[in-house]
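Here is a short briefing on one protein chain. Keep the sequence and the 3D view open as you read.

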Amino acid sequence: MAGDNTISLNSDYNGTTNTGLVEATTTGDDGGKESMLLQQTPYTTADGTGTIFYVPEQTITDTYNGQTYDEGVVGGEGEYIETTSTTYTAVNDIPSSQDLVSNGNSFAPIDTACFVTGTFIRTPDGDVTVEDLKFGDMVLTSSGQIRPVRWIGNLHVTNLPSQDCARARNLWPVRIAAHAFATNVPDRDLVVSPGHAIAVTVMDAVFTQAIRLVNGATIRQEPRDSVTYWHVELDSHDVLLSNNLPSESYLDVGNRAALGLNVPALRPAASVSDYARPLVEDGPVIDAIRARLVARARGLGWQVSSRSNMHLTVDGRRVEAVMNGDQACFTFPATAQNVHLRSRTFRPAEWESCSDTRTLGLSLSGLHIADGLGHEADIALDHANLENQFHEGEAADNVAWRWTRGDLHLPPELWANCKGQVTLTLTLQHANGQYWDQAGAENDDAPAGDAHMSRMQA
């Protein structure tokens, strides 16, 4: 729509009345009248000075000298027209998707409501995958209301962290197992961003972010190389049914730009007071919800085990330890080239409310190499060949230790002076742990990190 940019809004389009739509016409430079349909229910702009009308997909027409010409297809998902009074301001296309290479600074979905591709959203006509929803589609809220979708956006994030760290906690999705809350709640595994709020009833209904419910059993954070997150926005914040689990719609709390999308605000940024349910982030309510989920996990067959699955892989062959108190001894050929110390892992924050979200494997206070032929040496845990494989060192009562991350690569330079057979002796500072096992599942051969430890005992 061009020309003098004056616009008039009528109740019909080319002589036909359209429910829920209005006709916008403007006079072009050539004196022709351009016409298009707009969604009748508008938004007020963030500064309160204008109005935003969404544009359904259609062919725009230009009437000139008594003849009507098609000007091409416009509108569809995310396109809008903004007016101030009767003055036409702009027609823009709101981006609905974006590819992003994660660099740790530009995207932080821990504070954002995002569904992962494949999530089913309840609609009046049944469940529809989030990627098949479109602007204007109706969804069914947990209270039984039918509400239109006002924006659908998605963001494909690549280059996710390969190991647990603060950035991984922000980016890795959270998988909520089927039936984790109750029978058929959710009715199939639900995967959401870590900051996606789940609606839970304790005394009253509240929201709490998925990351705060992770327990290492029925709810886990899931390492991935890439993920596509979807955002479903309504006129106001509400509770959607996602895989039959009540969870939030997208709410712009000033974080829309953090999604990596050049999307103008539909309204002023929201605050906590605009949430459809109170948002609870810590305290006794979270503790009560977590305790209930753990009890539910036990009822679903999850059991606590003390098996750490500690072992070496030596050139593809599994080697078990011979235990002597707090020492673990492994023997392998001095010609070995590819040696890894592996174990199951846990995160302290998965079992109890604390801020320690590290992925921890084994706690080592000593590492010793010998060949029985005269060569032996202590290997410092900060040895250059082991750099960046441990968490930061810790100490107490004059004893220092470092945690592995579940997979410690031991390069052959460590036993380069050994002959025949090498004996690797580990001194374990914290030898016992409790791990989640699922009844009927075999975990002894699971890769590190597949079965999370739920609690650590000194």
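The points below go from the whole chain to single residues.

This is a predicted model: local features need pLDDT of at least 70, side-chain atom pairs count only at pLDDT 80 or more, and totals for chains, interfaces and linings use all residues. Residues are numbered from 1 along each chain as its sequence is written, and side-chain values use heavy atoms, with hydrogens and water left out.

**The whole chain**

- The secondary structure comes to two helices and 41 strands. Helices (H or I, at least four residues) and strands (E, at least two) are DSSP runs, numbered from the N terminus.
- The chain has 458 residues, and 48% of them count as buried. Buried means under 20% relative accessible area, exposed means over 50%, and partly exposed lies in between (1.4 Å probe, protein chains only).
- Take the contacts between residues at least 6 apart in sequence: 62% of them join residues at least 24 apart. Contact means heavy atoms within 4.5 Å.

**Confidence**

- The mean pLDDT of the chain is 79, and 70% of its residues reach 70 or more. pLDDT is the predictor's confidence in each residue, from 0 to 100.
- Over residues 1-5, pLDDT stays under 50; the model has 23 contacts beyond four places in sequence for them.
- Over residues 84-108, pLDDT also stays under 50, and here the model has 77 contacts beyond four places in sequence.
- Where pLDDT is low, the predicted coordinates should not be read in detail.

**A hairpin**

- Strand β21 (residues 197-201) and β22 pair in the antiparallel sense over five bridges. Two strands pair if DSSP finds at least two bridges between them.
- The two strands, β21 and β22, form a hairpin with three residues between them.
- Thr201 has Ala205 in β22 as its bridge partner.
- Strand β22 (residues 205-209) is mostly covered, with four of its five residues buried.

**Aromatic pairs**

- The structure holds five aromatic pairs. Rings of Phe, Tyr and Trp (its six-membered ring) pair if their centres lie within 6.5 Å; planes under 30 degrees apart count as stacked, over 60 as edge-to-face and the rest as tilted.
- Phe207 and Tyr275 form an edge-to-face pair, 6.4 Å centre to centre with 70° between the planes.
- This pair links distant parts of the chain: Phe207 sits in strand β22, and Tyr275 in the loop between β26 (245-248) and α2 (284-299), 68 residues apart. Both Phe207 and Tyr275 are buried.
- Trp302 and Trp436 have ring centres 6.5 Å apart and planes at 90°, so this pair is edge-to-face.
- Trp302 in strand β27 (residues 302-305) and Trp436 in strand β40 (residues 433-438) are 134 residues apart, so the pair links distant parts of the chain.
- Why does Trp302 count as buried? Its relative accessibility is 10%. Trp436 counts as buried at 1%.

**Around His237**

- His237 lies in the loop between β24 (227-233) and β25 (239-242). It counts as buried because its relative accessibility is 6%.
- Which backbone atom lies 3.0 Å from a polar atom of the His237 side chain? It is the backbone nitrogen of Ala276.
- Beyond its neighbours within four places in sequence, His237 is in contact with residues including Phe207 and Tyr275.

- Most residues other than glycine have a negative phi, and most peptide bonds are trans.
- A cis peptide bond joins Val185 and Pro186, with omega about -5°. Pro186 is in the loop between β19 (174-176) and β20 (190-192).
- His179 is not a glycine, yet its phi is positive, about 70°. His179 is also found in the loop between β19 and β20. With a relative accessible area of 27%, His179 is partly exposed.
- Asn398 has a positive phi near 65°. Asn398 lies in the loop between β36 (394-396) and β37 (399-403), and at 86% relative accessibility it counts as exposed.

Key
A polar contact is a pair of N or O atoms within 3.5 Å; within protein, one must be able to donate a hydrogen and the other to accept it, and residues adjacent in sequence count only if both atoms are side-chain atoms.
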